[in-house]
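Let us walk through one model by question and answer. Look at it first, then read on.

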Amino acid sequence: MSSLKMSSEYERIVIGGGAAGALVALHYLSSCSAAGHEPRIAVVEPRASLAQGAAYSTDREEHRLNVPAGRMSAFADRPHDFVDYLIANPDSALADLHGHDLDHAYAPRRAYGAYLLARLREQPLFSSLQHVRDEAVALARSDDGFVVTLLDGTSLRAAQVVLAIGNAPRALPIDAGELPVVESWDYPQLDRMSPDARITVIGSGLSMVDSLMTRLRAGHRGPITVLSRHGLLPLPHAAEHLPAPLPSAAENLPSTVLGLWRTLRRRALQGIAQGEPWQWTVERLRPYGQQLWQSLSAPEQARFLRHAVRYWDIHRHRIAPEIAAELQAMMQAGQLHVLAGRLLPSTGTDAATLRFRARDGAEQNLPTDVVINATGVETRFERPSSPLLASLLANGLAVPGPHGLGILTDGLGRALDAQGAPLAGLQVLGSSRIGTLWETIAMPELRVQARDCGQIEAAARTGCG
Ligand SMILES: Cc1cc2nc3c(=O)[nH]c(=O)nc-3n(C[C@H](O)[C@H](O)[C@H](O)COP(=O)(O)OP(=O)(O)OC[C@H]3O[C@@H](n4cnc5c(N)ncnc54)[C@H](O)[C@@H]3O)c2cc1C
C-alpha cells in the first residue's frame, strides 16, 4: 500500500478509512483479485492507520467492545472470524480466555482495529491500495464522475465515490465559559488530568463510560458528576447469552411507538417470569432494527426521537457487565453522581462553576474544574460538522435524511440529490444513513453495507462500477 498523494484518476475513492471504509476497500480488492481486474482505488483518511476510525483507534485496554467477540466478525458469512483472529493473535487483556469464553468476551477495541487492519493487509492486491493521508474538504461532479478536493488543495478524480465518514463528535450544546473542555475521545488529554480535578461529564452514554474508565485507571480521586438531560446510564448486558434469536421476533408488532413499547415490556416481563433476562427481548429484535424503524410513519418516528430514543438507547446500546459493576461501585463510594438536567450558558461570574436546570425547573450550580464533552456522535446533517458535508449540501449532491438525520439515501445506499434522484456513483454507508435506516452504525449492518458497496459486480448494479 502506498501513502503518496496522487493527482490522478481512480476508479473509486473511499472517503473515510475507519472500519467501514477499510471493509469497502477490502471487498473491492478481493473482488478485483477474483476477477483479474487491476484495482485503482484510493482511501482518503487523515489518520496514520486505516481500519481504526473513531471507535478502534484507542490503544487502551479499558476501552472494550460493547458487543461480545463472537458477534463482531467483519464478515457476515464467517461469523467466527474475529474469535479465530483472537485465538491466533491473543490480546494481553484476554490472555486467560479460550474457546467458548472468547466468544462471550468483551475484547479491547484496539484488538478489533488490529483485526480489521490484518484482514485488509491479507488481501493479495493490498499493495495497490492508495492511502491518501488527508481530509476531503469538498466533493463536486465532473463530466465523467466526481472531483474530491483535499485540505492541501490536491484534486482527485474518480468515477465512483464512497462516503464512509462515520462518527463525528457532537459539539457541547453551550459555551462552557472559561472552563477547560476535554473531548471524550481525546484519550491522551483525559489521561493528563489532575487526579483531584472536579470533573463534570456532559452526556451519559457510551462515550461517558469510556472517559470514566480512563479516569478510573488513571487513579482519579476527585468527584465526578455526569449531567445529561435524562440522567440515564447505559444498562449492562446479561451475564447469560441469548442461545439463538427467534426468527419470528419482529412479526405482528404494532407500528406505533407506544404500542411497540408496551409489547416489548410485556415480552420482557413474560421472559423474566420464565427466568430469562430482559436483555434477550431486545436481542431478539436486534436484527430487525431497520425494518422496525421503516415500519413507523414519519410522525411516529418523530415521536420516538422526541420521547423514547434515550430509553431505547440505554436498553439497546449496553455495556459489559464488569464495566457496569465498576460504575456502580463508583456511585456507591460517593465519587460518581449522575444528574438529570439541561446545561445553562455560563454567566461569567464564577469561572469554576457550571450551571444547569434540573428537571424540576430549579437552577443549580456544579463546582467544576474540567468539563468532559461526552455528548456523543453528531448525526444531524442539517448542521454540517465538516467542510465536506457543507460542500455536499452546497453542491446539491446530498440532502439531509428524514428528521434531518444523516444523508438521504435509497435502498441501495445511493445518495439522493435535492430532486430525490439517486446519484449513480455516490455511495453512502454507516452512520450517515441513520435517518433512513436507524440501525446502521454497528458492525452487523456495516459489514453487509461494505460488502455490497465494495464488490465490483454489486457496485455496477448501483451505477458505481
Ligand atoms: C467509541 C465507540 C465505540 C464503539 N463500539 C462499538 C462496538 O463495540 N461494536 C460495534 O459494533 N460498534 C461499535 N461502535 C459503532 C461504530 O460506529 C462502528 O463499529 C464502526 O467503528 C464505524 O466505522 P465507520 O468507519 O463507519 O466510522 P468511524 O470509525 O467514525 O470512521 C470514519 C473515518 O472517516 C474519517 N473521515 C471523516 N471525515 C473525513 C473526511 N472529510 N475526509 C477524510 N476522512 C474522513 C475519520 O477520520 C474516520 O477515521 C462504536 C463507536 C464508537 C464511536
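Q: Leaving aside its neighbours within four places in sequence, which residues is Ala-171 in contact with?
A: Contact means heavy atoms within 4.5 Å. This is a predicted model, where local features need pLDDT of at least 70, side-chain atom pairs count only at pLDDT 80 or more, and totals for chains, interfaces and linings use all residues. Residues are numbered from 1 along each chain as its sequence is written, and side-chain values use heavy atoms, with hydrogens and water left out. With those neighbours within four places set aside, the partners of Ala-171 are Asn-373 and Thr-375.

Q: Is Ala-171 buried or exposed?
A: Buried means under 20% relative accessible area, exposed over 50%, and partly exposed in between (1.4 Å probe, protein chains only). Ala-171 has a relative accessible area of 56%, so Ala-171 is exposed.

Q: Where is Ala-171 placed?
A: Strands are DSSP runs (E, at least two residues), and helices are too (H or I, at least four), numbered from the N terminus. Ala-171 sits in the loop between strand S6 (155-163) and S7.

Q: What is the bridge partner of Leu-354 in S12?
A: Strand S11 (residues 353-358) and S12 pair in the antiparallel sense over 5 bridges. In S12, Leu-354 has as its bridge partner Leu-366.

Definitions and conventions: Two strands pair if DSSP finds at least two bridges between them.
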